Amino acid sequence: MDSSMYLYDVPPVLMEKFCKIIDSGDDSLGWRGLAARIVPSWTEVRRAERLEAIGKSPTRELIWSWAQQNKTVGDLVKVLEDMGHYRALQLFIPQGRNHRLVITYSDVIEGTRHFHQDMKISVGSFSAVYRVIKGNETFAVKLFKQVLTHLLHTVLHL
């Protein structure tokens with residue numbers, strides 16, 4: 001996506017995905033973390049809180065207000081980089097640009113085919129390592145065993 005594109009020109013489907021990601025984040029990676037970087041006054045934050053309370057997207061309102069200042073995709077990318085919000089960044093950065101790839105839990109489940117034996121790379125005393133394939137990338141994921149928890153639970157019931 002062109003970094004000089006104005007935010008109000010971003011396709012609505014893409015902006016909706018962005019809003020869902022930010023709305024679902026915790027304080028530092030959620031809409032409050034975004035607001036701390038783009039909102040000029042606490043009045044805007046209070047308005048966003050009221051929107052959230054009635055089930056609307058606070059991110060949508062914050063971004064729309066910010067977009068009216070002729071902010072661009074490049075401006076948003078800088079804010080997301082400052083936040084360390086790599087998942088949201090993936091929506092706006094070109095594929096060739098070097099940013100850390102984010103893997104979600106659902107990516108792990110899908111990439112390991114629900115931790116299928118064929119995807120297992122190795123097994124140790126405390127964990128098993130699985131291969132995860134996401135797109136054209138391959139990753140290793142360590143799945144810790146809950147042996148100690150089970151033993152502790154057994155010992156407590158003796």
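How many aromatic pairs does the structure hold? The structure holds three, where rings of Phe, Tyr and Trp (its six-membered ring) pair if their centres lie within 6.5 Å, and planes under 30 degrees apart count as stacked, over 60 as edge-to-face and the rest as tilted.

This is a predicted model, in which local features need pLDDT of at least 70 and side-chain atom pairs count only at pLDDT 80 or more, while totals for chains, interfaces and linings use all residues. Residues are numbered from 1 along each chain as its sequence is written, and side-chain values use heavy atoms, with hydrogens and water left out.

**First stop: the tyrosines**

Select Tyr6 and Tyr8. Their ring centres are 5.3 Å apart and their planes stand at 10°, so this pair is stacked. Tyr6 lies in the segment before helix H1 (12-23); helices (H or I, at least four residues) and strands (E, at least two) are DSSP runs, numbered from the N terminus. Tyr6 is partly exposed because its relative accessibility is 34%, and Tyr8 is likewise partly exposed, with a relative accessible area of 36%. The scale is as follows: buried means under 20% relative accessible area, exposed over 50%, and partly exposed in between (1.4 Å probe, protein chains only).

Tyr6, Tyr8 and Trp64 form a nonpolar surface patch with about 330 Å² of accessible area together. Within patches, like charges are joined within 9 Å and nonpolar side chains (Val, Leu, Ile, Met, Phe, Trp, Tyr) within 5 Å. Accessible areas come from the Shrake-Rupley method with a 1.4 Å probe; for residues, only the protein chains shown count as cover.

**Second stop: Phe18 and Phe92**

Next, select Phe92, which is buried at 1% relative accessibility, and Phe18, which is buried at 0%. The ring centres of Phe18 and Phe92 are 5.4 Å apart with planes at 75°, so the pair is edge-to-face. This pair links distant parts of the chain, 74 residues apart: Phe18 is in helix H1, and Phe92 is in the loop between helix H6 (86-89) and helix H7 (105-111).

Which residues does Phe92 touch, not counting residues up to four places away in sequence? They are Met1, Val10, Leu14, Phe18, Val73, Leu76, Val77 and Leu80, with contact meaning heavy atoms within 4.5 Å.

Phe18, Leu34, Leu76, Leu80 and Phe92 touch the most other members among the 29 residues of the largest nonpolar core. Such a core is a set of buried Ala, Val, Leu, Ile, Met, Phe, Trp, Tyr and Cys residues joined through side-chain atoms within 4.5 Å. At least two residues of this core come from each of H1, H2, H3, H4, H5 and H6.

Select helix H2 (residues 31-38), where Trp31, Gly33, Leu34, Ala35 and Ile38 are buried. These pack against H1, helix H3 (42-53), helix H4 (58-67) and helix H5 (73-83). In H5, the buried residues are Val73, Gly74, Leu76, Val77, Val79, Leu80 and Met83, and their cover includes H1, H2, H4 and H6. Just after H5, Gly84 has a positive phi of about 75°.

Glu44, in helix H3, counts as buried at 19% relative accessibility. Apart from neighbours within four places in sequence, Glu44 contacts Val39, Leu62 and Ser65. Finally, select Ser24 in the loop between H1 and H2; Ser24 is exposed, with a relative accessible area of 54%.

Conventions
Patch = residues over 30% accessible without salt bridge, like charges linked within 9 Å, V, L, I, M, F, W, Y side chains within 5 Å. Salt bridge = Lys/Arg side-chain N within 4 Å of Asp/Glu carboxyl O.
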